[in-house]
Amino acid sequence: MKSRLEIDVEGRVGGLDVQVRLATAGKPLVLVGPNAAGKTSLLLMILGALRPERGRVKLDGRLLFDAEQGIDLPPEDRGVGYVPQDYGLFPHMTVVGNVAFGLECRRRLARRERRRRALELLDALEVAHLASRFPRSLSGGEGQRVALARALASEPQALLLDEPLAALDAGVRRQMREFLPSRLAMLELPAIVVTHDPGDAAAFGQDIAVIEQGRVVQRGTLAALAEAPASAFVTELVSRR
Amino acid sequence: MSQTSPPRGRSWQAAFWAAGSTIAAATLLAFLVLPVVALGFSIRPADLIAGLRHPTVLPALRLSLFTTSASLVLVVIPGTALAWLLVRRPGVWSHWVETVVQLPVVIPPAVGGLALLLAFGRHGLIGRSLATMGIAIPFTTLAVVLAEVFVSAPFFVLAATAAFRRVEPSLLIVARSLGASPVRAFFRVALPAASPSLVSGAAMSWARALGEFGATLMFAGNLTGRTQTLPLAVYTALETDVRAAQAISILLVIVALSLLFLLRRGAAASGGLALDFPSRVEPRR
């Protein structure tokens, strides 16, 4: 069964009024928008790191947040995986240690078993050979894969990726534009991928939501956006492709 | 007049400034090094050993080790908590708290000692109620520890605050999203990521406590074996046996130099581990 992520939140972040209503199930939703449009703030609200003033966040029928009922699960109880823009790898842990951290919090596994599972996850993302390295010695693409392996280690019911391709150079970026979307498709998790690049947006699939000044201004396939752009930003976005 | 080469007067001026600033810098450097060199060169090894055998030395050494260890614990544990709160729960009050924390650095130590006396002395603000319970702090070993905490805490808290500010907030969000409780995220992620700077902050704070003189003299007195730490022993020994004063001083300098050396090596070694991961500069509130 494909799980479903429903977001309907309102809140003021800095000087920006965020008011977003989105739902997605089983496939990645691409969130595109200019800088400071509220994309990362929205991710933080879903994660439970930022508290909306009104609304609700529902995952798989579970209420993660509901302002009216006073429900606000802490991040550790939400089951939402997160890969931040700079990958957020723990600098003092090895690659395998980073992934094992994702295993140790939720389940009581023996140390050896954790390590074995972590290596498995790394192997699935083709980075098992980096296991004993420290994050600072990884390239952008390697860091991205390790961060994804770590997020998957905690068996999340949804996945949030913030600008997953932004820091990569052209060659690796082309490669990851194939690799990441195919992995996400295999997982069948509701996922939100934040990007500002139309090429990246197209690579992640057909469901694109454009967010500007805290609001969703348009949603659809890239072709639909090109046909009837709802704002100057959308016009510019589809022309850049 | 040529456009390409500067006028003669100006190149002479530049040379003058270059020579002048070099001489000024070298003079200051020499002034800083000379006394330390003098400390070591004007004593024969036999006198050094005789000096260290002076009856004040061993009790003072023992007391200094004990009190600075105690004050280090009393600074580091609450100091880490305070620094963490300042970074993670900033508010209108945090600016004032940071100012208050820095106060002991700018207050003259003797004034600090007097202030401690007026707070914890027999007729002091808190000391009066302590006295009715039969607790007297001034002129005890505990007073030495408190004086050291007072003067050394700012060094640790400031270093720890800076260290926690350099920990990426996204690291903690990731840790929580992976299922870590706030406590686990702190101990497994924030603390280790900040630890190299925390250790050097603790070392600087300990060195300040070891050298504490003014506040200790005012608040704890100068009693052999109870409140006479190494710096006070130097002061006392100078009146009777210069060799002993010199020997203790050399001991303190060696400790200080080794600490500096270890810190520099530690910073270089951990630089690759935790000091140079990308950090976001957060605005200070």
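Predicted model: local features only at pLDDT ≥ 70, side-chain atom pairs only at ≥ 80, totals over all residues.
In chain A, the domain assignment gives a domain 1 made of residues 4–79 + 157–240 and a domain 2 spanning 90–155. Taken over C-alpha atoms, the centres of these domains of chain A are separated by 25 Å. Where they meet, domain 1 of chain A contributes 8 residues to the contact and domain 2 of chain A contributes 5 residues. On the domain 1 side, helix 5 of chain A gives the most, with 3 residues. By class, that side of domain 1 of chain A has 6 nonpolar residues, 1 polar and 1 charged. Chain B is likewise assigned a domain 1, covering 7–42, and a domain 2, covering 45–275. The C-alpha centres of domain 1 and domain 2 of chain B are 34 Å apart.

Helix 5 of chain A, residues 170–187, also takes part in a helix pair with helix 4 of chain A, residues 140–153. Two packed helices are described by the angle between their axes and the distance between the axes. For this pair, the axes come within 9 Å and cross at roughly 30°. An angle under 35 degrees counts as roughly parallel, and helix 4 and helix 5 of chain A are therefore roughly parallel to each other. Helix 4 of chain A makes the contact through A:G140, A:G141 and A:Q144, while helix 5 of chain A uses A:V172, A:Q175 and A:M176. The residues of this contact divide into 2 nonpolar, 4 polar and no charged.

Attention now turns to the meeting of the chains. Here 20 residues of chain A are in contact with 21 residues of chain B. On the chain A side, strand 7 (80–83) and helix 2 (95–104) each supply at least two residues. The largest share of that side comes from strand 7 of chain A, with 3 residues. The side of chain A that touches chain B divides into 10 nonpolar, 5 polar and 5 charged residues.

The interior has its own story. In soluble globular proteins, nonpolar side chains tend to be buried together. In this model, the largest nonpolar core has 130 residues, and those with the most contacts inside it are A:V99, A:A149 and B:A147. Helix 7 of chain B, residues 141–165, gives the most to this core, with 16 residues. Leaving aside residues up to four places away in sequence, A:V99 touches A:A118, A:L121, A:L122, A:V146, A:A149, A:R150 and A:A153.

Finally, some backbone angles in chain A deserve a look. Most residues other than glycine have a negative phi, and most peptide bonds are trans. A:A36, although not a glycine, has a positive phi of about 60°. A:A36 is found in the loop between strand 3 (28–32) and helix 1 (39–47) of chain A. This alanine, A:A36, counts as partly exposed because it has 14 C-beta neighbours inside 10 Å. A:E126, another residue other than glycine, also has a positive phi, near 60°. A:E126 sits in the loop between helix 3 (111–124) and helix 4 of chain A. With 12 other C-beta atoms within 10 Å, A:E126 is exposed, since the cut-off for exposed is 12 or fewer.

Technical notes: Residues numbered from 1 in each chain as written. Chains lettered and ligands numbered in written order. Contact = placed C-beta atoms within 7 Å. Helix = DSSP H or I, 4+ residues; strand = E, 2+ residues; numbered from the N terminus. Nonpolar A, V, L, I, M, F, W, Y, C, P; charged D, E, K, R; others polar. Axes fitted to C-alpha atoms, helices over the stretch in contact; angles between N-to-C directions. Parallel < 35°, antiparallel > 145°, perpendicular 65-115°, else oblique. Domains from an automatic or database assignment. Core = buried A, V, L, I, M, F, W, Y, C linked by C-beta atoms within 7 Å. Buried ≥ 20, exposed ≤ 12 C-beta atoms within 10 Å, placed from the backbone.
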